[in-house]
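User: I am new to reading structures. Can you walk me through this one, feature by feature?
Analyst: Gladly. Here it is.
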Amino acid sequence: TLRTQGVTWSTEEYSHPGLQRMYLRLKSIQRFTEVWALLERSYALGVFAEVDAVVRVAAVGGGPGFELLATKLFFEQRFPQVEKLELICMDACPAWRPYAEELGFRFLYYDINNQETNPLEVAGLERGQLHFCIVSCVMIYVTNNQTLDMFHRLVHEDGVGAILLSERGE
């Protein structure tokens with residue numbers, strides 16, 4: 001699928017147990033580390049200055065949950081006063097569900113290309129209930145006006161405090 005459809009692998013390929021095994025082995029440390037560094041930079045810039053007792057974070061394109069595992073451990077270390085940390089993994093590949101759920105995260109099917117819904121609606125949350133959104137290694141596939149409009153709405157209309165992007169390209 002490389003470069004023929006604008007994606008690294010198709011949903012069917014991501015669902016293949018052999019690819020999943022290799023993906024889990026090869027990508028786990030990289031994606032965890034990239035998001036941990038992103039969280040540290042965000043912390044240093046004051047992004048988390050107004051963290052309350054309940055914090056909800058959604059990882060759009062969260063796959064098996066590497067980014068959320070980094071988020072969980074980061075918040076446990078930096079914000080032990082947080083009473084409830086709700087972590088939501090949102091991905092268009094349902095085959096990642098067992099991995100995300102095994103790590104203790106809520107998994108929701110969400111296709112960022114479907115402009116009929118947004119993450120808030122899919123999660124069943126109301127304005128202001130989703131505090132942060134992590135997007136890691138997704139924008140390379142969906143850099144278009146519709147996706148940017150969706151992120152704009154999340155921050156300016158839906159009350160998301162920040163969208164944290166971890167990408168390798170511009």
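**Reading the sheet and the cores**

Analyst: β1 and β2 run parallel and are joined by 7 bridges. Within this pair, Ala59 sits opposite Cys89 of β2. Keep in mind that this is a predicted model.

User: What holds strands together in a sheet?
Analyst: Strands of a sheet pair through backbone hydrogen bonds, and the pairing is parallel or antiparallel.

User: In what order do the strands of this sheet come?
Analyst: The order is β3-β2-β1-β4-β5. These 5 strands make an open sheet with parallel pairing. β3 (106-109) and β5 are the edge strands, each pairing on one side only. Neighbouring strands are turned by 20 degrees against each other on average, direction ignored.

User: Which strands does α3 touch?
Analyst: α3 packs on the sheet and touches β1, β2 and β4. Its direction makes about 170 degrees with that of β2.

User: How many bridges join β4 to β5?
Analyst: There are 5, and the two strands run parallel. Ile134 stands opposite Leu164 in β5.

User: Which residues of β5 lie on the covered face, and which on the uncovered one?
Analyst: Read along the strand. Ala162, Leu164 and Ser166 are on the covered face. Ile163 and Leu165 are on the uncovered face.

User: Now the inside. How many residues has the largest nonpolar core?
Analyst: It has 26 residues, and Phe48 and Phe75 have the most contacts inside it. Several elements each supply at least two residues, including α2 (17-44), β1 (54-60), α3 (66-78) and β2 (84-91).

User: What does Phe48 touch, beyond residues up to four places away in sequence?
Analyst: Phe48 touches Leu39, Ser42, Tyr43, Phe74, Phe75, Phe79, Phe132 and Leu164. Another core lies apart from the largest one. That other core has 17 residues, among them Leu108, Tyr110, Leu130 and Leu154.

User: Let me try a single residue. Is Asn118 buried or exposed?
Analyst: Compare its relative accessibility with the cut-off. Buried means under 20%. Asn118 has 9%, so Asn118 counts as buried.

User: Where is Asn118 found?
Analyst: Asn118 is in the loop between β3 and α5 (119-123). Its side chain reaches the backbone nitrogen of Leu120 at 2.9 Å.

User: Which residues is Asn118 in contact with, leaving aside neighbours within four places in sequence?
Analyst: Asn118 contacts Tyr110, Met150 and Asp158. Tyr110 is also one of the residues of the 17-residue core.

Key:
Residues numbered from 1 in each chain as written. Predicted model: local features only at pLDDT ≥ 70, side-chain atom pairs only at ≥ 80, totals over all residues. Heavy atoms only, no water. Core = buried A, V, L, I, M, F, W, Y, C linked by side-chain atoms within 4.5 Å. Buried < 20%, exposed > 50% of the residue type's maximum accessible area, 1.4 Å probe, protein only. Helix = DSSP H or I, 4+ residues; strand = E, 2+ residues; numbered from the N terminus. Contact = heavy atoms within 4.5 Å. Pairing = 2+ DSSP bridges. Axes fitted to C-alpha atoms, helices over the stretch in contact; angles between N-to-C directions. Polar contact = N/O pair within 3.5 Å; in protein donor to acceptor, adjacent residues only side chain to side chain.
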